[in-house]
Structure formats: structure tokens, C-alpha cells
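Reader: I am new to this structure and would like to understand the terms used for it. Could you take me through them?

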Amino acid sequence: MRSPVPVVDCHGHIGTHPDFPAYKICPQEMVRVMDLLNIESLAITSTRACYNDCRRGNKEVEDVLRQYPGRFRGYITVNPNPEGEAMVQLECFSHFHKPPLIKFHPDLHKYPVHGPKYLPIWDYAHQTHAVVLVHTWDSDPTCGPPLFGPIARRFPGARILLGHCGVTWRGYEQSIEIARNCPNTFLDISGSQSHRTILEHCVNQIGDERVLFGSDMPYLEAAMVLGRVLTARISDESKASILRHNFLRLLHEA
Amino acid sequence: MSPSNLEPAFDEAASWNLIDANVHLGHSGVHGELALGKSALLAEMDRFGIRQALVSHFTAEEYDISEGNAALARDMDVRFVPAWSASPEASILKELEQRKPKAVRLWFSPLRHNFSSAPWSAGELYDYLQQRAILMVVSREELDWDALVVILKDFPKLQILLLDVGYRSDRYLLPLLQRFPHLYFDSTSYVAHRQFESFVETHGPERIVFGSRLPLYTPGAALGVLATARISDEARLAIAGSNLRRLLGELPS
């Protein structure tokens, strides 16, 4: 199995993780897997930044971008704690991409995505038309999809990727509901749960232009998500949009 | 199986003689339209080149074991291998005896059949399975790791197939596989980055069997993992089919 369309992947990482052993996570190994599956480029966020240290994590992303030009794009991962540090990070790594790619992980950073410390960051994203990838989980008090409606309406310039679409079937339903009502929200289909017919359901409900391929590599297996897309009962044109064109359009590279 | 129905992304799967270890059949009160009856389930298996499946019935999981097993018997097909459900009651064991099972699925959790997995509760059932070399099938979601260890220690020849182990499981799963030679697991949720491939490289293919969680999950996901693992053809074929067939005792394919 290999993608017939060169994939532009909206959700990846670099680095290890604490909760289980990591395999083949160095960028060189990742590029080999990307070549195997025909993933042309991967937008990465630092796993170190998601768990522990944004300064060091974003620097690691910078190094990978320099080492593998064209294969990776960089999210600036920000933590609302300590207050003010996120803006420093956004400034420091603003050369990663224009418009900026920003990553929030409210669950690991233990701070709700609609809390006041996130407001200046959302405002920055609105002003710069940033793409903001946010980890989401079904009904979670820090990052449940229902929290994103008021945010998306208040900051319409921000393009919000609902990372993992809330993961569960109910999380997907919540994400679809937000996407239906907020045109600046998008569905990132990365995640460990491979619900049958969910991709068809997403496309039926909101069309194929705001559904994006994300692998979560090298946390999760990219071939799992690719297998879902390639075998979904949707048109080949919709598959190509999901695998490639939709994220390129968000990046202003279509 | 009609080759014309096969998903082009996985046309190679037609030659793998696939048997899926993790399949449910019948009406579900929880999963609504995702649940599939016999003909729809077979059609979905056809799409993905899955020749056979180890199947349990949603009615047995969600409601009543005897009724669920009767429904499974009623909906049986030559391509299904029944995973009959059981609980420790003597009447259930007696029913089980008449079914001549190759595999038995257990549901311990409070919202399922709500019995202890400890030997004081289910020991007679484990003994029955062990004596007859019947495969015990259980989801990791139904049983915590320490409870599993108790069973493995007390019934050392009992063959246990652990489903839905999850991608965060390796710090539990790998030491147990080393220590207990009759423990096996399915690939459905073993989906961390290159985890499946790395497992086969390090531990060989013998202890893992293909599973998809059909009809709740699309087999496209688990097949994607199997198809793109950089492992030998022999290893892929073992995981696709021969490992589970060996556990179930030489089935016709």
C-alpha cells in the first residue's frame, strides 16, 4: 500500500514520549517511512515541547527543518504557562512558516484552551492568519471540541485544526458540529481509533475541503490513517483533497 | 470471495489467506448502524480480502450469553469461526460442552457479565479451556495486567489471545510475552509508529495475529499496518493467517 497522491501531512512530531517505548523516531528513519508511504512533507511539532520544554523543543524543530529542507514544516509549540512565554516563542521562531503554524496541547499543558492565558495567543493567530493545531479529546474540559465554537467565532482570522477530531465517535460528532458552524475550523483525522465509515460521515456532513490527513507520526502509525483514507467510500478527488490539497491551501501553497 | 469487490489499495491481501481475530456480528445496542448482520459483514470482509474471521456476537457481549451464543449459531457461516461466550456458571459450561468450541470469549467487566477473573471465580472455566486446548479470547479492556498474570501463572498451558492491547502496552506486554509462552495478542490497536514492524524484528512473528475490530473499525487501518511493515513475506503470512489457524487447530481455509 502506497499513496497514489504525494501526501502533505498536517500532524507530526519529533522526539520521544514518556508513556511507551518509541521506535524509529529519528528524522532519518521518519523520512524513510515517509518515502515508503509517499508522504511528501510532514508538519511537525516538538513532543518535548508538548510534554515539558517549549524553548528546547522548538529549537529541535528548527534543527530538523534545516537538516531536511522541503520534507518538514514546523509548528511553533506554545504553552500558556508561564504567562508571556508563548509570545516570546512565537517571536523567536516566526521564521518557521508564513503564515505561522502554531501548536497547542491544552491536555498535557493542563490549561483549558478557552482560558484567559490563551487569549493573546489566539489574538496573534487571528492577526497573522495562523494555522493552529490543537490536540482535542471527546468532551475534555481542557480541549473538548465543543469549546472551540466561541473561540472560532471570536478569532475568525485563525484557522483552527481540531487535532484528532476528538478521537472517539462522539468526539468526531462534536468536531463535525463545530466545523459545520465555524468555517475557520478544520478536521485533522489523525488518531488511534479507526471508526468505520467516519471519514465518509465527515465528508457527507461538511464536504471534503476541510478534512485533512494527519498521521501523528512518529507517535502513531501513519499507514493506519493512510489505509483508512485509501479505502474510504469517497471519490478519488475527495481522497486527493484530504491527502494533499486541503493542507496546501491552508499553507497558502496550493 | 469476489476479486472485483476487493479494495485496490490492498489487492495483495487476496493472497494472504487472511483470518481476522477480532470481529463482532449482529445487532448492537451500543454501536447502532456500525453493527452488521451476516451478509453485510461478509461483504465487508470481501472488500478487504479477509477470508475468515473469529467472530463473537454483540448479543452475547451486551445482553445474554446463552442467547448470544444461540444467535451466533443461527448466523454461522463457513467463513466464521465462532468465539462462543462464557461465564463461570455450571449451566453455561454445560452449554459450552455441546458447542465443541475452538475459542471462547470472556467478558469480565461490570457493565458486561460482571464476574471476577480470579481463579476462585473462573478457575473451573479456565481449567475446562486448558484441558481441551481451547483458545481463551479476551479484550485487554476487560482485564487488567495483574489479573492476567494471575491466570497465566495458575493455568500455564492455557492459550490466551489478548485483543485490543493498545499502543501504550509494551512495558506490560513485552515482559509477559517473554515469561508466558502461551500468550498471544492481536494487531488491531498495536498502532504506534512502526511498533508492529519493530515487534516482529525483535520478537519474531509467532505471537501476534491480525485483527481489525470489524465492524466498529475499518480493516483498512490494520491492513495498512500489516501491508507496509518491512518484514519478510513468511512473517506477514504467519500474522495474516497461519498463527491463528494453528491456535484454533488446523482449520480449512
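The conversation below sets values against definitions.

Author: This is a predicted model, in which local features need pLDDT of at least 70 and side-chain atom pairs count only at pLDDT 80 or more, while totals for chains, interfaces and linings use all residues. Residues are numbered from 1 along each chain as its sequence is written, and chains are lettered from A and ligands numbered from 1 in the order in which they are written.

Reader: What share of the residues of chain A count as buried?

Author: A residue is buried if 20 or more other C-beta atoms, placed from the backbone, lie within 10 Å of its own, and 58% of the 254 residues of chain A count as such.

Reader: Why are β1 and β8 of chain B called edge strands?

Author: Strands are DSSP runs (E, at least two residues), numbered from the N terminus, and two of them pair if DSSP finds at least two bridges between them. In chain B, 8 strands form an open sheet with parallel pairing, in the order β1-β2-β3-β4-β5-β6-β7-β8; β1 (18-25) and β8 (208-209) of chain B each pair on one side only, and are the edge strands.

Reader: How do you know that β1(B) pairs with β2 of chain B?

Author: 6 bridges join β1(B) to β2 (residues 50-57) of chain B, where at least two are needed, and B:Leu25 stands opposite B:His57 in β2(B).

Notes: A residue is buried if 20 or more other C-beta atoms lie within 10 Å of its own, exposed if 12 or fewer, and partly exposed in between; C-beta atoms are placed from the backbone. Helices (H or I, at least four residues) and strands (E, at least two) are DSSP runs, numbered from the N terminus.
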